[in-house]
Amino acid sequence: MSLLETSGLTAFYGDFQALFGIDFAIGEGETVAIIGSNGAGKSTFLRSLTGLLPNAAEAIRLKGQPIGDLPANRIVGLGIAMVPEGRKLFPSLTVEENLKIGAYSGREGAWSVDRIFQLFPFMTERRQTPATALSGGQQQMVAIGRALMSNPDLLLCDEISLGLAPTVIKDIYDALPAIQQAGTTVVVVEQDIQQAMAVSDRVYCFMEGRVTLEGAPDELSHDDIKEAYFGLKGAA
Amino acid sequence: MDWVNAVIQGILVGGLYALFATGLSLIFGVMRLVNIAHGDLIVLSSFLCLAIVSGLGLHPLIVLLIVVPVMFAIGYALQRGLLNFTLGPDILPPLLVTFGLSIVIQNALLEIFSADSQKLPAGALQTASLQIVEGLAVGVFPLIVFACAIVVIAGLQFLFYRTALGSAFRATSDDPDTARLMGIDNRHIFALAMAISLAVVALAGVFLGMRTSFDPSIGPGRLIYAFEAVIIGGLGSLWGTLAGGIILGVSQIVGGKLFPGADQLAGHVVFLILLVVRPRGLFPRAVD
């Protein structure tokens with residue numbers, strides 16, 4: 001059985017429809033990448049999964065249970081945590097307080113402040129620093145740590161490489177195996193297709209609010225992806 | 001010695017003004033809600049205490065044990081049942097609703113208690129004083145009020161910066177949507193903030209009623225003092241609010257001594273001067 005499944009998921013911003021019936025599934029322990037251009041609906045899809053956008057109960061199922069109509073503050077307690085786009089750390093809180101508030105939902109599990117410090121050792125010295133005084137890459141690591149503190153079954157990472165230098169992106173993705181080994185299922189939303197292919201077991205491509213392609217990275221040809229990503233057929 | 005005396009009285013009155021202002025500052029800090037009914041809620045607490053004092057014959061300070069929890073509960077219910085629905089990107093609805101609430105409270109108090117001036121009986125505390133040096137004495141009651149203001153502000157400071165609930169308050173204030181992703185129910189957090197605000201209001205209301213006479217119409221005046229103390233101190237700074245209250249208190253009493261009858265005017269003038277010189281207040285919060 002899938003860990004998480006959506007069927008016919010839609011999303012609206014006022015009159016504007018952003019998602020048109022997304023069917024998506026991810027198995028336990030799997031890592032799935034969602035690719036697509038700006039405005040394809042990737043972030044909207046993650047916001048729907050976390051409950052920040054309302055939906056019908058049956059549209060989203062976690063371990064078979066309908067959760068689509070639950071509010072965001074209930075969803076995290078059920079085991080879905082998000083690393084939001086743009087990091088969204090709390091500027092009034094220190095690094096350590098940002099991590100601790102990640103555990104607010106009280107879910108039991110292996111992650112603790114000390115274990116996050118092991119994963120990202122730079123934090124030990126900066127624990128009392130206001131979170132937004134860190135560099136972009138370090139802030140991204142705090143945001144990942146904060147999400148892990150809720151001991152999620154499913155970790156959603158929204159554009160964690162956005163605006164960061166390649167070496168920093170590598171540092172961040174180097175943490176992924178440790179997260180996967182802890183038994184966490186991961187969804188990454190990426191604009192960088194190479195990066196997405198490298199880390200994932202399966203890829204979904206979104207375009208204009210619809211899934212245009214789905215499959216394992218080694219099964220998908222360059223042209224398939226180009227067509228699904230840009231909607232260009234046969235373009236060289 | 002007269003002037004020293006005036007400054008000391010002013011500082012002590014400042015403690016009461018800080019109590020007026022703390023609750024206002026707290027809810028603005030947590031949810032960007034400007035509570036126009038704040039002053040009327042202070043007066044409501046005074047009348048609530050009066051009703052219990054005259055019914056049971058207890059001392060007002062003992063009745064605090066009833067009034068504070070009751071106002072705490074009213075605050076939670078008010079936020080959960082009404083004010084949460086006014087919060088959003090538009091800042092006008094909460095202003096309009098609390099303005100309406102202000103009128104409702106004033107008229108309800110007028111209906112129940114009439115427009116007569118009332119006072120809470122403070123007993124021997126009314127006149128008790130401590131002689132500091134020859135010719136300089138301070139009242140015991142103003143000292144108690146000032147000490148309470150310090151304890152309340154220190155307590156809130158601890159709550160906000162040393163506890164998990166405080167982190168949740170600050171996180172919700174920073175970014176309510178992301179706070180929800182952490183599992184924080186912002187409606188509950190907002191309601192707790194209003195509850196704490198009204199618990200402090202209850203304290204302020206009872207002290208106000210023991211210090212001076214009050215009637216249903218004086219709420220908006222207390223709101224102005226509270227606003228001025230908050231703005232002088234700097235938005236978001238609790239100790240700044242105490243400083244703001246003290247500056248306001250000293251300005252009023254010293255001003256009233258210089259120009260008899262002009263005490264309130266002196267407070268407003270000092271407030272306006274400080275607003276020109278330090279528009280962000282004396283101790284603005286570093287992160288905005």
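What share of the contacts in chain A between residues at least 6 apart in sequence join residues at least 24 apart? The figure is 65%, where a contact means that two C-beta atoms, placed from the backbone, lie within 7 Å. This is a predicted model, in which local features need pLDDT of at least 70, side-chain atom pairs count only at pLDDT 80 or more, and totals for chains, interfaces and linings use all residues. Residues are numbered from 1 along each chain as its sequence is written, while chains are lettered from A and ligands numbered from 1 in the order in which they are written.

**Chain A overall**

- Chain A has ten helices and ten strands; these are DSSP runs numbered from the N terminus, with helices being H or I of at least four residues and strands E of at least two.
- The radius of gyration of chain A is 17 Å, close to the 18 Å from the globule rule for 236 residues, so the chain is as compact as a globular protein of that length. The radius is taken over C-alpha atoms, and the rule is 2.2 Å times the number of residues to the power 0.38.
- The C-alpha trace of chain A spans about 55 × 40 × 35 Å along its principal axes.
- Of the 236 residues in chain A, 44% are buried (20 or more other C-beta atoms within 10 Å of the residue's own; exposed is 12 or fewer, partly exposed in between, with C-beta atoms placed from the backbone).

**The six-stranded sheet**

- In chain A, six strands form an open sheet in the order β6-β7-β8-β3-β9-β10, with mixed pairing (a pair needs at least two DSSP bridges).
- At the edges of this sheet are β6 (80–83) and β10 (210–215) of chain A, each pairing on one side only.
- From one strand to the next, the twist averages 20°.
- β6(A) runs parallel to β7 (residues 154–158) of chain A, and four bridges join the two; A:Leu154 in β7(A) is the bridge partner of A:Ile80.

**Helices across the strands**

- Helix α6 (residues 136–148) of chain A lies across β6 and β7 of chain A, at about 170° to β6(A). Such angles run from 0 to 180 degrees between N-to-C directions, with axes fitted to C-alpha atoms, for helices over the stretch in contact.
- Helix α10 (residues 222–230) of chain A lies across β3 (31–35), β9 (202–207) and β10 of chain A, at about 35° to β9(A).

- A:Glu208, in the loop between β9 and β10 of chain A, has a positive phi near 45°. A:Glu208 counts as partly exposed because it has 14 C-beta neighbours inside 10 Å.
- B:Ser114 has a positive phi near 65° and lies in the loop between α4 (92–113) and β1 (129–133) of chain B. With 11 C-beta neighbours inside 10 Å, B:Ser114 counts as exposed.
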